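Please view the sequence and the structure alongside the text.

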Amino acid sequence: MEKKLIYTGKTKNVYALENGNCLLKFKDDCTGKDGVFDPGENSVGLTIDGVGDVNLRMSIYFFEKINAAGIKTHYVNANLEDTTMEVLPAKVFGKGLEVICRYKAVGSFYRRYSDYCTEGQDLSAYVEMTFKNDEKGDPLVTKDGLVELGVMTEKQYEDIKKMTQDITKIVADDLKEKGLDMYDIKFEFGYDPNGDVMLIDEIASGNMRVYKNGEYIDPMTLSKLFFA
């Protein structure tokens with residue numbers, strides 16, 4: 001099938017397919033700084049052989065599980081030989097929105113709210129959204145802000161929140177079976193021509209903060225543990 005490059009990303013390239021769908025090509029490039037892998041960085045810092053393959057494998061595993069649970073995603077199929085994933089076309093919200101679900105008060109949540117919580121305290125699947133904007137430090141935005149700015153409708157917000165909590169439980173329960181504790185996870189959502197929300201992008205170790213026996217597991221080690 002013919003494909004046409006439409007976007008070059010930091011860790012994936014996006015192609016348009018003849019059938020109207022898109023093709024994501026996973027790369028071995030990783031975000032980081034000074035040769036050190038850091039999923040929170042905004043630029044490519046290094047290349048790790050096989051990282052594209054393992055990110056695709058984890059994405060396939062979870063997308064198939066989420067689809068089977070009746071939750072709408074953009075996943076159609078994948079080809080491990082080419083490290084590609086065919087997906088339904090979707091529009092992003094605004095210029096890009098990240099949705100975080102938190103089970104523990106760590107990271108930026110703790111830094112912001114440490115006057116009101118202890119580090120690592122339990123959170124009840126707390127959902128927050130940030131605009132993807134490196135220069136502005138990915139600013140937090142409220143439901144009212146998203147609706148007021150015309151980024152999404154109230155229904156879309158509520159759909160995203162529920163889907164985020166449902167998907168997070170699927171991922172966290174799976175990790176728990178492997179003796180791993182998820183503290184938080186980051187997703188991206190888009191919508192189809194009817195305005196229906198769907199999970200997009202990937203579900204990989206670099207998008208989640210996971211611990212084992214109280215010790216943080218870096219994303220590359222997590223991928224190895226996951227498929228051990």
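## Surroundings of Thr84

In this predicted model, Thr84 is in contact with Leu23, Leu24, Lys25, Leu56, Ala78 and Asn79, leaving aside its neighbours within four places in sequence. Thr84 belongs to strand 8 (residues 84-87), and because its relative accessibility is 6%, where the limit for a buried residue is under 20%, Thr84 counts as buried.

## Helix 5

Within helix 5 (residues 219-226), the buried residues are Pro219, Met220, Leu222, Ser223 and Phe226. These residues lie on the same side of helix 5, because the arc they cover around the axis is only 160°. At the start of helix 5, the backbone nitrogen of Met220 has a side-chain oxygen of Asp218 within 3.1 Å. The charged end of Lys178 sits over the ring of Phe226, at 4.6 Å from the ring centre, and Phe226 also belongs to a cluster in which ring pairs link it with Tyr61, Phe62 and Phe227.

## Aromatic pairs

The structure holds eleven aromatic pairs. One of them is formed by Tyr183 and Tyr211, which are stacked at 3.9 Å centre to centre with 15° between the planes. This pair links distant parts of the chain, since Tyr183 lies in strand 13 (residues 181-191) and Tyr211 in strand 15 (residues 208-212), 28 residues apart. Tyr183 is buried at 14% relative accessible area, as is Tyr211 at 16%.

The rings of Phe187 and Phe189 form an edge-to-face pair, because their planes stand at 65°, with the centres 6.3 Å apart. Phe187 is buried at 2% relative accessibility, and Phe189 is buried at 3%. The charged end of Lys104 sits over the ring of Tyr183, 5.7 Å from its centre.

Note on methods
Residues numbered from 1 in each chain as written. Predicted model: local features only at pLDDT ≥ 70, side-chain atom pairs only at ≥ 80, totals over all residues. Heavy atoms only, no water. Helix = DSSP H or I, 4+ residues; strand = E, 2+ residues; numbered from the N terminus. Buried < 20%, exposed > 50% of the residue type's maximum accessible area, 1.4 Å probe, protein only. Contact = heavy atoms within 4.5 Å. Arc of directions from axis to C-beta. Polar contact = N/O pair within 3.5 Å; in protein donor to acceptor, adjacent residues only side chain to side chain. Phe/Tyr/Trp six-rings, centres within 6.5 Å; stacked < 30°, edge-to-face > 60°. Lys NZ or Arg CZ within 6 Å of the ring centre and 35° of its normal.
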